[in-house]
Amino acid sequence: MPLICVCSPKGGVGKTTLTANLAYALSRAGNKVLALDFDVQNALRLHFGVPLSETRGFVAKATEVQDWSQSVLTVGTNLFVLPYGEASETQSELFTEALKQDKHFLARGLNTLLNYPGLIIIADFPPGPSPALKAISPMADLHLVVLQADSASLSMLPYVENQRLTGDVLNQKSGHYFILNQTDSRRQVSRDVASFVEQHLGDQLLGMVHRDESAVEANASQQSIFDFNPSSAAAFDIELIAKKVVGILGIEVGDGTVHSVPRMSGT
Ligand SMILES: Nc1ncnc2c1ncn2[C@@H]1O[C@H](COP(=O)(O)OP(=O)(O)O)[C@@H](O)[C@H]1O
Ligand SMILES: [Mg+2]
């Protein structure tokens, strides 16, 4: 704990990019961080230098293996990733069915990780509602909802506000916050969307992240944006958001450095 969920009604808005770079930012601040992938695309791992050929993950054997921490990969100092992994259609369906049928399934699989002292878990999801998001949400300490600075994303705001992502209040602990990604002050639509969400969401808007080629290139070179271009606008924005997350959750910086995480294999 703590457990953070990064979700959105839309795809392609930057959930995976932000999950990965927030994980980097939080680990750089001295916390142990696990980035957890619930998206069948299995792309989160690619932000952490895990090779394409590395297909291990927790989903393929999620119904057979009790403790999913066995599939965690160590990807840096204080930084771990639990990939979705390559899974057949049947394996993914079994996983989804177990999530829907057995309300203890997720808590059981993640038990070791959820109880690991000081470990921050940041989880990435497929777009829209998903059985994984629905199952994990009651356990989560914080939800971050990513929207893109365009009219298509904006039109989905009522969808989130009407509790359509999980069918319930998104988060009953520290609450849910929005991140507006890919803002571009040169574009009128981006400026309009930004000023609308600022007014409409108030403090619930945790931050905005500039549209920045460094985000794309950092991903392509499997690095964090902080390593790729520490002086980029998006690096600055994401760092600020990470600090706010730390503040909201009351995370004591350096909490996770004292222990070594057990049963985590290298890449
Ligand atoms: N702030 C940003 N500036 C520029 N490109 C971005 C930014 N955030 C994400 N992207 C790019 O947008 C695309 C979609 O991002 P991704 O994180 O995969 O979205 P999602 O997980 O929501 O589907 C990727 O090509 C990514 O590199
Ligand atoms: Mg994604």
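**Figure 1. Phe58, a buried aromatic residue of the predicted model.** Phe58 counts as buried because its relative accessibility is 2%, and the cut-off for that class is under 20%. The model shown here and in the following views is predicted. Ring pairs link Phe58 into a cluster with Phe38, Trp68, Tyr84, Phe95, Phe105 and Phe125. Under the rule applied to ring centres, the count comes to ten aromatic pairs. The rings of Phe58 and Tyr84 form an edge-to-face pair, because their planes stand at 70° with the centres 6.4 Å apart; the class requires planes over 60 degrees apart and centres within 6.5 Å. This pair links distant parts of the chain, its two residues being 26 residues apart. Phe58 belongs to the loop between strand S2 (33-37) and strand S3 (73-76), whereas Tyr84 belongs to the loop between strand S4 (79-82) and helix H2 (89-101). Tyr84 is buried as well, with a relative accessible area of 5%.

**Figure 2. Strand S4 and its pairing with S2 and S3.** Strand S4 runs parallel to S2, and four bridges join the two. With S3, the pairing of S4 is antiparallel and extends over three bridges. Which residues stand opposite Val81 of S4? On one strand it is Ala35, and Leu73 also stands opposite Val81. A further position is Leu79 in S4, opposite which Gly76 stands. The hairpin of S3 and S4 has two residues between the strands, and in this hairpin Asn78 takes a positive phi near 65°.

**Figure 3. Surroundings of ligand 1.** The ligand is surrounded by 15 residues, of which the closest are Gly12, Lys15, Thr16, Thr17 and Asp212. Lys15 places a polar side-chain atom 2.8 Å from an oxygen atom of ligand 1. Two further side chains are placed beside nitrogen of the ligand. For Asn181, an N or O atom in the side chain is 3.0 Å from a nitrogen atom of ligand 1. For Gln182, a polar side-chain atom lies 3.4 Å from a nitrogen atom of ligand 1. On its own, ligand 1 has 560 Å² of accessible area, and the protein covers 79% of this.

**Figure 4. The protein as context for the close-up views.** The protein has eleven helices and nine strands. Its C-alpha trace spans about 50 × 40 × 35 Å along the principal axes. Of the 267 residues in the protein, 52% are buried.

Terms used:
Residues are numbered from 1 along each chain as its sequence is written. Chains are lettered from A and ligands numbered from 1 in the order in which they are written. This is a predicted model: local features need pLDDT of at least 70, side-chain atom pairs count only at pLDDT 80 or more; totals for chains, interfaces and linings use all residues. Side-chain values use heavy atoms; hydrogens and water are left out. Rings of Phe, Tyr and Trp (its six-membered ring) pair if their centres lie within 6.5 Å; planes under 30 degrees apart count as stacked, over 60 as edge-to-face and the rest as tilted. Buried means under 20% relative accessible area, exposed over 50%, partly exposed in between (1.4 Å probe, protein chains only). Two strands pair if DSSP finds at least two bridges between them. A residue is near a molecule or strand if one of its heavy atoms lies within 4 Å of it. A polar contact is a pair of N or O atoms within 3.5 Å; within protein, one must be able to donate a hydrogen and the other to accept it, and residues adjacent in sequence count only if both atoms are side-chain atoms. Accessible areas come from the Shrake-Rupley method with a 1.4 Å probe; for residues, only the protein chains shown count as cover.
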